[in-house]
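Me: I have a model open and want to learn to read it. Can we go through it feature by feature?

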Amino acid sequence: MKKLDHVDKQILQILQEDGRIPYTEIAHQLGVSEGTIRSRITRLLQDGVFQFVIHPDPEKLGLHVQAIIGLTTKLGLQKSVAEELSKFSAVRFVGAFSGKHDLIIQACFHSNDELITFVNERLSQIEGIAAADVSLELKQYKDSFSFVQDDEVTLQ
């Protein structure tokens, strides 16, 4: 993979603001040709630097309960537990962590009852989960996939 340069980072920053912006507009903003933008975006996509995705609002989809669940796993079973958790449509994030919890998941549900069912009937059936610590999201202040910092890039 080629190292990202300033133009690559500028392209990423613009796309983070509006993933539907025409390549001609990006080219105009950066003072380069549309072909340059097209080839750079193609390379960034092929290198796996980013992907085009939609980011729906769970609340607007009727998923009113969002939970962060910290899991303690039995030694040697973390990976298999993570693979099982990844199969659930309600789970939108699974990550291995150091500290109190071996795995942390983020999951969205229509109701508290659905969350309780998930914990008591689904998680309890996964071999290797020793304990679960459920935290409900009360208010969301930020939910972003932006990793290119504004202070790293200055647009013309």
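Me: Over residues 4–64, what percentage of the chain is helix and what percentage is strand?

Reply: Start with the ground rules. This is a predicted model, where local features need pLDDT of at least 70, side-chain atom pairs count only at pLDDT 80 or more, and totals for chains, interfaces and linings use all residues. Residues are numbered from 1 along each chain as its sequence is written, and side-chain values use heavy atoms, leaving out hydrogens and water. Helices (H or I, at least four residues) and strands (E, at least two) are DSSP runs, numbered from the N terminus. Residues 4–64 are 54% helix and 0% strand. The end C-alpha atoms of this stretch lie 39 Å apart.

Me: Which feature does UniProt place at residues 4–64?

Reply: The unreviewed UniProt entry gives "domain: HTH asnC-type" there. UniProt positions use the numbering used here, feature names are shortened, and annotations may be inferred rather than shown by experiment.

Me: How do I describe two packed helices?

Reply: Two packed helices are described by the angle between their axes and the distance between the axes. Axes are lines fitted to C-alpha atoms, for helices over the stretch in contact, and angles run from 0 to 180 degrees between N-to-C directions. Take helix α2 (residues 23–30) and helix α3 (residues 34–46). Their axes come within 8 Å and cross at roughly 110 degrees. Therefore α2 and α3 are roughly perpendicular. The cut-offs: under 35 degrees is roughly parallel, over 145 roughly antiparallel, 65 to 115 roughly perpendicular, and the rest oblique.

Me: Which residues of α2 and α3 make the contact?

Reply: Contact means heavy atoms within 4.5 Å. From α2 come Tyr 23, Thr 24, Ile 26, Ala 27 and Leu 30; from α3 come Glu 34, Ile 37, Arg 38 and Ile 41. By class, that is six nonpolar, one polar and two charged residues. Ala, Val, Leu, Ile, Met, Phe, Trp, Tyr, Cys and Pro count as nonpolar, Asp, Glu, Lys and Arg as charged, and the others, Gly among them, as polar.

Me: At what angle do α1 and α3 pack?

Reply: Helix α1 (residues 6–17) packs on α3 at about 85 degrees, with the axes 11 Å apart. So α1 is roughly perpendicular to α3. Val 7, Asp 8, Ile 11, Leu 12 and Leu 15 of α1 meet Ile 37, Arg 40, Ile 41, Arg 43 and Leu 44 of α3. This contact has seven nonpolar, no polar and three charged residues.

Me: Where is Ile 104 found?

Reply: Ile 104 is in strand β3 (residues 103–109). The C-alpha atoms of Ile 104 and Glu 34 are separated by 42 Å.
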